[in-house]
Amino acid sequence: MATLLLRLSAPLQSWGAESKFEVRRTMNFPTKSGVLGLIAAALGYSREHSLEKLNTLKFGVRIDHEGKLLRDFHTAKTKKDAYVTKRFYLADAIFLAGLESQDITFLNEIKNALKNPAFPLFLGRRSCPPTMPLLLGIRDTDLLTSLQTEPWLLDESKQNQFRTAKLRIITDSDIPTEVIRDVPVSFSKLNRKFNFRNVAEEYINADIITVQKIIATAHDPFA
């Protein structure tokens, strides 16, 4: 059993689960479909590629910094008229995401693909490339333990300000508590499908996990 960890941070992120038509909303944490879509892009999957193997991964996130909700107005045009759509983003949020599997070979395949992605990687939408580091590595622990013990990813300059924060952890669960519809069945443009999953939540105090300093790197999403 092992867990691949990702740092999901960017000026803007958007994780839609039930968005339709003129209003494109975002969840306040990364969706399973969004993160598996990022993995699929790194692996070079086409939109018609089977997602069965990716869906065997147990998924969870820890909210290290909630960020702020931002609303953007976008004008769409047709031949006859124009109309305004609303698109929502999370600004300056930081998440720790984990993918657990007993197939260590597959986790290493994903890790190598994230280092050399086949397609550009985005956090929910094409306008949201991630900042570095994205890949944190593979831990020899289960998903929940990894999310509970990994160092806090908040920038060192803000740690004292949020020292009393409680970090929210959301993971896949076998117990029917809360339900989210974000399990990708197909990313096909002609036949997008998503199933439901059960999730469990818990909180940990930010001051009980070791703090580490994240060293920023030059930002080039296509490098």
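Helix H1 (residues 32–43) lies across strand S1 (2–9), strand S4 (58–65), strand S7 (94–101), S9, S10 and S11, and its direction is at about 30° to that of S10. Contact here means heavy atoms within 4.5 Å; helices (H or I, at least four residues) and strands (E, at least two) are DSSP runs, numbered from the N terminus. Axes are lines fitted to C-alpha atoms, for helices over the stretch in contact, with angles from 0 to 180 degrees between N-to-C directions. Helix H2 (residues 104–115) packs on the sheet too, touching S1, S7 and S8, and makes about 25° with S1.

This is a predicted model, where local features need pLDDT of at least 70 and side-chain atom pairs pLDDT 80 or more, while totals for chains, interfaces and linings use all residues. Residues are numbered from 1 along each chain as its sequence is written, and side-chain values use heavy atoms, leaving out hydrogens and water.

As for the sheet itself, 7 strands form an open, antiparallel arrangement in the order S8-S1-S7-S4-S9-S11-S10; strands count as paired if DSSP finds at least two bridges between them. At the edges sit strand S8 (135–139) and strand S10 (178–186), each pairing on one side only. Between S9 (residues 166–172) and S11 (residues 193–205) there are 7 bridges, and isoleucine 170 has glutamate 201 in S11 as its bridge partner.

Now for a charge over a ring (NZ of Lys or CZ of Arg within 6 Å of the ring centre and within 35 degrees of the ring normal). Lysine 53 lies over the face of phenylalanine 106, at 4.4 Å from the ring centre; arginine 125 lies over tyrosine 89's face, at 4.9 Å.
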